[in-house]
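Subject: Structure handover

Hello,

Here is the structure I promised to pass on. Please open it alongside this note.

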Amino acid sequence: MEEQVKQLMADILNVDQHSIDGSTSKDTTASWDSLSHINLMVAIEQEFQVSFDVSEIESMLSYSDIVETLERKLQV
Amino acid sequence: MTNNSNDLSAVRSNFASSLLAGDKFLAMQLGKKLLDEDPGMRLLTFISRQLEKAPRAELGLKPLKVALLSSFSIEFLRDSLAAYSFLSGIDLQLYVPGFAQFQQEIRNPASGLYTFSPDVVILAVEGSDWLPEIYQGFLEELTGGFDSALARFLDEFQSLVQTFRANCKATLLVNNFVPPVWNKLGILDCQSKTGQAQLVHGLNESLTGLCENNPGLFIADYAGLVNRHGALRWYDDRMNLYARAPIAADMLPWLSREYAKFFRALLGQAKKCLVLDLDNTLWGGVLGEDGLTGIQLGPVYPGNAYLAFQNAILDLHKRGILLGVASKNNPADVDELFAGHDKMLLKRKHFASMKVSWGPKSESLMQIAKELNIGLEHMVFVDDNPAECAEVSRRLPMVTVIALPRQPEKFVSEVLQDGLFDGLTYSSEDRRRGELYRQRDEAEALRSTSGSLEEFYENLKMEVTFAPLTKASLPRSAQLTQKTNQFNVTTLRYSEAELADRMRHPDWLLTSVSVLDRFGDNGIVGLSMARFQSDTLEIDTFLLSCRVIGRGVESAMLAYLCNQAIQRRARSLQGRIVPTQKNVPARDLFERHGFAKISETDGGTTLWALDLPAKMVAMPQWMKVRTDAEVVAER
């Protein structure tokens with residue numbers, strides 16, 4: 001799943017997949033603006049067949065946050 | 001990773017490399033494959049980004065500048081609109097101002113909208129943003145009446161359209177309004193004419209009514225689109241309230257596909273001919289094995305699904321789409337079926353061309369294209385067999401290929417969903433196209449029995465009518481500029497709005513040409529547009545439908561222009577030939593009528609002139625010529 005998230009982030013945010021790690025966040029990534037954040041959230045929802053609440057959308061602001069939230073969602 | 005995603009990632013990289021290699025058709029096919037498989041945000045972003053990187057100028061795409069004006073955040077449509085436009089060979093350039101800026105953009109003559117000089121402007125406004133009285137304040141207004149709210153809206157809308165038109169010649173495409181998802185009066189709503197749903201319905205009717213008096217204004221049936229998919233699936237309330245993005249991400253491709261229908265129609269890319277397979281396409285089973293009585297076609301499933309499909313195809317025929325057959329079968333079996341199966345809705349006479357043989361289907365398609373004088377890029381091929389589809393796609397990549405799904409109940413949606421045949425006009429010529437092609441066949445037969453060419457012309461008993469462009473002939477004239485590829489000296493495409501604009505300028509001479517012959521009325525088949533510039537009459541557009549090429553109508557058109565030029569004391573008639581792949585029949589037009597070549601550019605464009613009145617093109621003796629004034633006088 002982690003690889004899949006990285007690939008997806010690479011596509012949406014237009015960054016190199018291998019540059020994504022635990023330190024990648026909205027604050028440290030120039031192309032991760034509020035518009036691409038929505039696109040990213042939507043793409044994750046489509047790819048993993050999940051649906052996020054607004055509170056989740058607002059909190060998934062880094063690669064680690066995304067993976068953590070997704071793991072929780074997919075377990076339930 | 002699943003097998004499927006492995007396949008997709010291979011297609012992804014092939015797509016990217018075909019784009020970079022400049023292989024337009026392959027890239028379009030692979031892009032379609034990707035999006036058919038997964039039209040999600042990730043792939044849309046990927047495709048749109050590849051397009052940005054690609055050498056688009058080398059791909060031979062048709063450029064189109066589109067402005068998206070909206071009351072909500074329509075930014076999110078960008079990638080899917082670019083991707084789906086590309087599948088139609090369109091290089092989309094987008095202008096998207098900040099949301100809720102649509103009024104300012106239209107009303108300010110110096111706005112970014114007008115600087116962008118768009119070809120198409122899409123106005124996507126949700127009803128609740130423009131008419132809060134009906135959507136939010138319904139119960140308050142119920143006692144006060146809605147008339148003033150509706151009148152205010154229509155006034156505002158009309159003035160907006162007028163302001164737009166004064167500043168811009170682009171096509172204006174306006175979404176109509178979706179009824180509220182939940183009516184405030186519940187089941188009572190539909191019991192009254194002032195129910196919410198009825199009010200919105202009336203509003204949409206008024207919008208459609210405005211099109212009549214505003215050339216170049218078209219309505220996108222957004223309400224119909226949302227209805228097809230269901231409002232509860234269409235809207236994402238969460239994203240609407242959080243990011244002013246009301247349309248669910250899964251639905252954005254469908255909105256893009258709807259707009260792409262308009263883009264294709266405006267660019268003259270509407271398909272003209274549908275070529276069908278027979279076995280397991282028009283009926284269930286294999287005729288050669290199951291026999292006339294064994295095939296599935298009738299009131300019981302799956303026969304009724306095939307009947308429904310035939311009925312949809314019959315509708316296309318009535319709209320003027322030419323039908324063809326490319327089937328691997330014994331010709332005798334097929335003849336017997338068309339003669340003897342009482343459930344067939346499609347008859348032999350509905351098909352303009354029928355190729356039944358054991359050869360490759362790509363060959364059959366090429367023969368049909370030649371016979372009907374239609375470009376392969378205007379043809380759609382439909383087959384249930386993936387191998388046949390692949391063969392045609394590979395050998396004729398410009399043909400649009402639809403591989404039918406296994407379930408026949410899905411055929412109708414599959415063929416209709418992208419509106420491949422949709423146009424923005426429905427002329428009497430369209431309605432009668434099948435008949436017109438039969439007339440042409442008869443005329444061809446006459447040509448082969450007539451001795452000399454003059455004799456053939458005499459026998460045709462042609463009557464040519466020249467008439468100034470009118471509001472009534474405007475749609476057909478615009479359609480001709482968009483669709484005519486062969487006998488067309490400059491191949492300039494015009495929208496109705498652009499032609500309407502020219503009609504207001506007295507220095508433009510805009511002439512529609514109708515031809516009547518012994519086989520019937522061909523309707524408007526030619527158009528010339530020329531402009532008086534000091535003592536010269538300059539031809540901008542000169543075109544003839546392929547139905548009447550080779551009958552000397554072009555000579556009559558030039559003779560008419562000469563006469564008009566003389567009447568307004570012009571000393572020269574000038575025209576250009578802009579060579580394209582298709583317009584070979586028009587290239588020697590000026591040369592063979594005695595024009596002198598003035599200049600030639602590197603691109604091959606030539607400029608020609610005829611000195612007046614010293615040299616005039618003579619009106620051909622074999623046709624009766626009428627001007628519109630005479631026609632009116634006779635009535």
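Two residues are in contact if their C-beta atoms, placed from the backbone, lie within 7 Å. By that rule, B:Val412 touches B:Ala308, B:Phe309 and B:Ala312, leaving out residues up to four places away in sequence. Keep in mind that this is a predicted model.

**B:Val412**

B:Val412 sits in helix 21 (residues 411–416) of chain B. B:Val412 has 17 other C-beta atoms within 10 Å, so it counts as partly exposed. B:Asp315 is 97 residues away along the chain, yet its C-alpha atom and that of B:Val412 are separated by 11 Å.

**Domains**

Chain B is assigned four stretches: domain 1 (1–60), domain 2 (61–266), domain 3 (273–416) and domain 4 (428–634). Between the C-alpha centres of domain 2 and domain 4 of chain B there are 39 Å. Their contact takes five residues from domain 2 of chain B and seven residues from domain 4 of chain B. On the domain 2 side, the residues divide into two nonpolar, two polar and one charged.

**Cores**

In soluble globular proteins, nonpolar side chains tend to be buried together. Here, the largest nonpolar core has 132 residues. Those with the most contacts inside this core are B:Ile122, B:Leu123, B:Leu274, B:Val275, B:Leu365 and B:Phe381. Helix 15 (residues 252–266) of chain B supplies the largest share, seven residues. B:Phe381 touches B:Val275, B:Ala326, B:Leu365, B:Val392, B:Val399 and B:Val401, again not counting residues up to four places away in sequence. A second, separate core has 49 residues, including B:Leu469, B:Leu509, B:Leu610 and B:Leu612.

**Helix 19**

Helix 19 of chain B covers residues 361–372, which is 12 residues. From its first C-alpha to its last, helix 19 of chain B reaches 16 Å, close to the 16 Å expected at 1.5 Å a residue. Which residues of helix 19 of chain B are buried? They are B:Lys361, B:Ser364, B:Leu365, B:Ile368 and B:Ala369. These residues cover an arc of only 135° around the axis, so they lie on the same side of helix 19 of chain B. Their cover includes strand 6 (273–276), strand 7 (322–327), strand 8 (351–356), strand 9 (379–383) and helix 20 (386–395) of chain B. After helix 19 of chain B comes B:Asn373, with a positive phi near 60°.

**Backbone points to check**

Two cis peptide bonds come up.

- The bond from B:Tyr301 to B:Pro302 is cis, with omega near 0°. B:Pro302 lies in the loop between helix 16 (287–294) and helix 17 (303–318) of chain B.
- The bond joining B:Leu612 and B:Pro613 is cis, with omega about -5°. B:Pro613 lies in the loop between strand 18 (606–611) and strand 19 (624–627) of chain B.

- B:Arg244 has phi near 50°. B:Arg244 is in the loop between helix 14 (237–243) and helix 15 of chain B. With 16 other C-beta atoms within 10 Å, B:Arg244 is partly exposed.
- B:Ser534 has phi near 45°. B:Ser534 is in the loop between strand 14 (520–533) and strand 15 (536–544) of chain B. Is B:Ser534 buried or exposed? B:Ser534 counts as exposed, because it has 7 C-beta neighbours inside 10 Å.

Best wishes

Note on methods: Residues are numbered from 1 along each chain as its sequence is written. Chains are lettered from A and ligands numbered from 1 in the order in which they are written. This is a predicted model: local features need pLDDT of at least 70, side-chain atom pairs count only at pLDDT 80 or more; totals for chains, interfaces and linings use all residues. Helices (H or I, at least four residues) and strands (E, at least two) are DSSP runs, numbered from the N terminus. The expected span of a helix is 1.5 Å times one less than its number of residues. A residue is buried if 20 or more other C-beta atoms lie within 10 Å of its own, exposed if 12 or fewer, and partly exposed in between; C-beta atoms are placed from the backbone. The arc is that of the directions from the helix axis to the C-beta atoms. Domain bounds come from an automatic or database domain assignment. Ala, Val, Leu, Ile, Met, Phe, Trp, Tyr, Cys and Pro count as nonpolar, Asp, Glu, Lys and Arg as charged, and the others, Gly among them, as polar. A nonpolar core is a set of buried Ala, Val, Leu, Ile, Met, Phe, Trp, Tyr and Cys residues joined through C-beta atoms within 7 Å.
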